[in-house]
Amino acid sequence: MRDYDEIDDQDAQGMSFDFRGFLFKVLNLWKFVLICIGTALLIAYFINARKQNVYRLDALISVDNDQNPFFTANTSISFNWGGVSGKVGKIMTAIKTRTHNEIVVDSLQYYMEYLEEGKYRKIDIYKKAPFRFVIDKSKGQVLNYPVGIRFLNANEFEVFTAFEDNGATAQNYGDKSKFGITVPSGDFTKTFKSGEPINLPFLNGRLVVQPDRSIKAGKEYFLQFSNFDGVVNTYKTAIAIGTFSESSSNILRLQLAGHNKDKIVDYLNATSAILSKTELERKNLYATNTIKFIDSSLAAVNTNLKGFTDDMNTFRRENKVFDVSTEITQISEELREFELSKQEEASKLDYLGNLEVYLNTKTDYTNIAAPTSVGIEESNILRSVSKIVELAAERQNLEYTTKEGSGLFKELDRRIDSEKNVLLETINATKGTIGVGIGTLNRKIANLEAKLSGLPEDEQQFLKIQRQLDLSQEAYNIYMAKRSEAAIVKAANISDLGIVDEAKDIGGGLIGPNKSLNYMMGLMLGFFTPMFLIFIVYLLDNTIHGSDEITRMSNIPILGLVGKYRYKNNLVAYEKPKSAVAESFRAIRSSLQFIFKNQKIEAGKAHTLMVTSSVSGEGKTFTSINTATVYALSGKKTILLGLDLRKPKIFDDFNIKNDKGVVNYLIGDGTLEEITTHTHIENLDLIPSGPIPPNPSELLMSDHLKELIGTLKETYDVIILDTPPLGLVTDALELTQYADATIFMVRLDYTKKGMLQLVNAKQRTGELKNVSYVLNFYRHKNNSNYGYGYGYGYGYGYGYGVYGNAYHEKDDHSIFKRVKEFVKRF
């Protein structure tokens, strides 16, 4: 149970993240990181070079509560709608509405762009264009296609296009309708003169050359028209408004960003001007409604006055009556005053009746005329009408920003209904009071008319016409005075919105592209992107790259290091005895001597070494041949025994056939002398595996193999067993009983980490004894193992093969081969 716990602990240790290994992996791939950084900075440079500059400009406007200098308690024509705070909210809402931005875009014709070919794109030149195009708004203009204008001289130009298809979309900027048009496909050109009407399917208007601009012959410009609604939506979204500071809540800042500063300036200033005009119209709404009411009443009075004047002239011609006595005139004057008062009271009563009907039948209360226009001075009525109009205007403003059904609407409607009920009650009470007054006036009029009843009929008729004429004239004078008063109030009104600081291009305003930020982002992306990729690859990498990984994951010692060496066969230790690889195998031989000395081996008996690995391709056969070679060259009588019965290899390098070998001996088809080959290397004999059998595991478990090993121990000094891979088949485990020491091959950048856990488990359970690792394809100088085993490799390498040129044979490599090897290492 303890062994398995130790295995679990060792596995858990192997799964921990090795930050040092990751760091050396990054250092090993520094060229890749550098290339990524360079590429990212290059991309940032092209972005900075190709992106258009973005500018932001602003303007300041003030929202005040400017009172009319002609405003009095008697006129009450103009009044405040909710104070400054209400106006600020209304203006901040209005500036983001589609209606407002449609007016601004239409006034500036921003749906038409003047373009010039730039280095990377067509550039909007706006006011810098040497010509002006006057749009024919009754006809369509092609959308989203640059129509070319090429000047031939100062007064002549040609329109050129190259439509790919015959169909396109056009828009009529008069009614904003869009429709399909047929355009000429392919190259098209037509010459016009300055100011001459242009009537083409895709372009309609007049091009007028600016008199103060010089034009170069052959210079090309472009006109491009955009969808009106799309342009409006762009500016509606882009324009921003907010308070200038907390201490000045009535000062608002308008801001707009774009590529052309002239267009930004014009848009902000046009916005301020249109807002001011709109606010003045809204402020004059009450006075305008009053003037309309007075004009309608004045028209009726004027008609009556004309009629009574005609009646008087007719009566005088027919009856020759031009005057009456002084006493009668005095009575008639009193009667006229009473009738005038009655007419005034009747006008008030008529106004209140109409107001009552209006309140009961209408929902928009912003069109109520001033009560003082008919002489009503009742303070409760004046206050209630003012309050209702104020609340109605507030509700109208709220409709821009709040969804119908909101609780805010319900609250406003409740307040309006409450005030309306109070006003209706006041109207009823006032109507009653006025009715009583009219009754009194009727009695007085009746008394005076009785006094005049004794006069001759023609004099009575004269006095009646005279009174009616005077009444009409008096009413006419009153209405004219009221209208003049309302007109003066309206003319004297000023907008509550003032321009504090208009937009102006004074330099600066650049907000993008942020070149420093782009370079910083490029640097960060160029650095962190490869770091992230390397991190992912490192996490997913399950191969062994260095000796430190092995020492961290396993307690089994490392016997030696074998470098990568390109040669035509596996006989490197024999044919290249001064090479670093040959020296590495001599180092392994020396290390094995310490292991064999600790073994209790009978005197005169051979030392047995088993070489195995996890999978094929890790250098097992290469190590077996060269280890056997260095033993033989040292004077030890050595035999190399090929026990990889499934995939035999060792016979090729000695130029012998694999017709007979271990398999033949184990099945009784050959003697030891028949299967043994004396190689051209002194003291080295070889027994190949022989033909591939159908039952290799059973043959290796037979007593014949035990007998063979026993015989060879009597004859040789060293026996090298080349075995199958431990990670693929179980044959190697059957052979461990014959081995005094075991070498497990680990090929760096190839062998999987999981195989070390397998070896650990086999070693702890006793299935593998005296096992050591030999690292193949070890490359110390170029940090291919991220620097793993630096201390280990340095100590061993200096003594066992990392020699100077004086100790080694120089490899005859051409310059081409050296360059090729350098690229492969990168």
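I started with the helices, and H5 passes H6 in a right-handed crossing (right-handed if the near helix is turned clockwise from the far one by less than a right angle, left-handed if anticlockwise). Helices here are DSSP runs of H or I with at least four residues, strands are E runs of at least two, and both are numbered from the N terminus.

Before going on, I noted that this is a predicted model, where local features need pLDDT of at least 70 and side-chain atom pairs count only at pLDDT 80 or more, while totals for chains, interfaces and linings use all residues. Residues are numbered from 1 along each chain as its sequence is written, and side-chain values use heavy atoms, with hydrogens and water left out.

**H5 on H6**

I looked up the geometry: H5 (residues 98–108) and H6 (residues 228–238) pack at about 115 degrees, axes 9 Å apart. H5 is therefore roughly perpendicular to H6. My axes are lines fitted to C-alpha atoms, for helices over the stretch in contact, and angles run from 0 to 180 degrees between N-to-C directions. For the labels, under 35 degrees is roughly parallel, over 145 roughly antiparallel, 65 to 115 roughly perpendicular and the rest oblique.

I then listed who touches whom, with contact meaning heavy atoms within 4.5 Å. H5 brings Arg98, Asn101, Glu102, Val105 and Asp106, and among the H6 residues are Phe228, Asp229, Tyr235 and Lys236. By class I get five nonpolar, two polar and five charged residues. Nonpolar covers Ala, Val, Leu, Ile, Met, Phe, Trp, Tyr, Cys and Pro, charged covers Asp, Glu, Lys and Arg, and the others, Gly among them, are polar.

**H3 on H13**

Next pair: H3 (residues 30–50) packs on H13 (residues 515–540) at about 150 degrees, with 8 Å between the axes. The two helices are therefore roughly antiparallel. This crossing is right-handed too, going by H3 passing H13. On the H3 side I found Phe32, Cys36, Leu41 and Tyr45, among others, meeting H13 residues including Tyr519, Leu523, Phe527 and Ile534. The class count for this contact is 15 nonpolar, four polar and one charged.

**The six-stranded sheet**

I traced an open sheet of six strands, E3-E2-E13-E6-E7-E10, with antiparallel pairing. Two strands pair if DSSP finds at least two bridges between them. E3 (122–124) and E10 (186–193) are the edges, each pairing on one side only. Neighbouring strands are turned by 30 degrees against each other on average, direction ignored. Inside the sheet, E6 (residues 147–151) and E7 (residues 156–163) pair antiparallel over four bridges. Gly148 has Phe160 of E7 as its bridge partner.

**The eight-stranded sheet**

The other open sheet has eight strands, E18-E25-E24-E19-E23-E20-E22-E21, with mixed pairing. Its edges are E18 (558–563) and E21 (677–678). Leu640 is bridged to Leu686 in E22. Helix H23 (residues 753–764) lies across E24 (741–747) and E25 (771–778), at about 165 degrees to E25.

**Thr608**

Is Thr608 buried or exposed? Thr608 is buried, because its relative accessibility is 0% (buried is under 20% relative accessible area, exposed over 50%, partly exposed in between, with a 1.4 Å probe and protein chains only). I placed Thr608 in strand E19 (residues 607–613). Its C-alpha is 6.0 Å from that of Val718, 110 residues apart along the chain. Beyond four places in sequence, the contacts of Thr608 include Phe596, Lys713, Ile719, Tyr738 and Asp740.
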